[in-house]
Amino acid sequence: MPEARQILARAAEVLAALPPRPERTADQRALAAEARVTVRCLRHAFLDTHVEAVYDELTDRRTRHLRIDELVRAAAAAVPGLVPTEEQMAAERHLPQADKDGHEIDQGIFLSAVLRSPKAGPHLVDAMLRPTGRALRLLPEFTRTGTVDLGSVLLERVDGVARLTMTRDDCLNAEDGRQVDDMETAVDLALLDPQAEVGLLRGGVMTHPRYKGKRVFSAGINLKTLHGGGISLVDFLLRRELGYIHKLLRGMLVEDGAVWRPRTIAKPWIAVVDSFAIGGGAQLLLVFDHVIAAKDAFVSIPAAQEGIIPGVSNFRLTRCVGARLSRQLILEGRRVFATEPEAALLVDEVHELDELDAAIERSVVRMRGDAVVANRRMLNSAEEPVDDFRRYMADFALQQALRMYSEDVINKVGRFAGRGTEQVPPR
């Protein structure tokens, strides 16, 4: 282990001596690429043998629960050269995606190994199911007032329902790091609030010219932000899946000392799709207990056209819609309109716009009750065992990192530099 640490540190020094990527000559770029392949092979081999020892060192033998961002920072300090330093990541944070050196691939190699480990992986998944510090700080005020405006998400408790409204009205609720942070905080608060029995997610009214005055659920990942280098593997792509989306499905991990009780606080969740749920918006629907859609809405997952992997959709979608429709959605970018027969595999109810509010209230009534919570817990456990999810995320951590820095993705997202959303469909 000490010898491998020295080799990794020396390799990091060699790469650090090169000029920034945009200023390198062709020979220097070739040298950097060759060095990275060599170093990444070494990292992979090192982690195959030592990942559990490293994880135990970073977490004091799994007594500390570090979130993924804390874990990669701790690894950079404890094992020089294993993952990029905070200084290296900060230096690239504001660069366009095409000008970055791909340090996140090294984070992906590390986190993939951790998640694959049968000892370290479950511990990390549990750490990501714990409440965030921001939510704990806001909880007393939210419990008292029943409302909090987080910036891109408005959370209101009304008659026992935690109503989350996505309010990025300028960009059709296209997700970036800010919205992921706000969504996890809102989900945490909804789960922690003893007065909330059911969670409800809906898009707010837009100011975007093409959808002004209309509600929109979500346009997915913000491709303009991705092109500009603002979509992070750790703080966006992995935090999103291991954080708030997994909490929607599994609940929030709590420690109350009673080992015979369920380890998580879980509640039923309802989603309402106005206009469309594209990409990441469609991914969300796969973890909700009940989905209501407007008659003119559609769902699509155009990840293959964008060049990226659509989160956990490749894992969950076949269970919902079957293999053939999954491939049409993910590989071919098919849109499924709410009025098509296949939409019944993705949404539970379809209504005219003026009937949506009444449908929501009827659904809320059905979703209340302890028996609903217990049964959804058992359904989710049977449909998606947590170890199956963990193993998928181990592959996803690395494959998505590689996709982010592939030439085809950089070229594709560049075409969206002047837009604020994943895509803006016609009305």
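## A tour of the charged pairs

Select D56 and R62: they form a salt bridge, with the closest N and O atoms 3.0 Å apart. A salt bridge here is a side-chain nitrogen of Lys or Arg within 4 Å of a carboxyl oxygen of Asp or Glu. Colour the two by accessibility. D56 counts as buried, at 18% relative accessibility. R62 is partly exposed, with a relative accessible area of 32%. Buried means under 20% relative accessible area, exposed means over 50%, and partly exposed lies in between (1.4 Å probe, protein chains only).

Before moving on, know what you are viewing. This is a predicted model, where local features need pLDDT of at least 70, side-chain atom pairs count only at pLDDT 80 or more, and totals for chains, interfaces and linings use all residues. Residues are numbered from 1 along each chain as its sequence is written, and side-chain values use heavy atoms, with hydrogens and water left out.

**Next stop: D106 and R43.** Select both. Their salt bridge has its closest N and O atoms 2.6 Å apart. D106 sits in helix α5 (residues 103-116) and R43 in helix α2 (residues 26-58), so this pair ties together parts that are 63 residues apart in sequence. Helices are DSSP runs of H or I with at least four residues, strands are runs of E with at least two, and both are numbered from the N terminus. Are D106 and R43 buried or exposed? Both are buried.

**Then K214 and D296.** Their side chains meet in a salt bridge, 3.4 Å from N to O. The pair links distant parts of the chain, 82 residues apart. K214 is in the loop between β4 (198-203) and α9 (223-227). D296 is in the loop between β9 (290-294) and β10 (298-300). D296 counts as partly exposed, at 40% relative accessibility.

**Now a network.** Select R67, R134, D181, D182, E184, D188, R239 and K247. Salt bridges that share partners join these residues into one network. Side chains of opposite charge can pair when their charged atoms come close. How many salt bridges does the structure hold? It holds 38.

**Zoom out.** Show the whole chain as a cartoon. Its secondary structure comes to 18 helices and 12 strands. The C-alpha atoms fill a box of roughly 65 × 55 × 40 Å, taken along the principal axes. Of the 427 residues, 55% count as buried. Finally, look at contacts (heavy atoms within 4.5 Å). Among contacts with a separation of 6 or more, 74% come from residues 24 or more positions apart.
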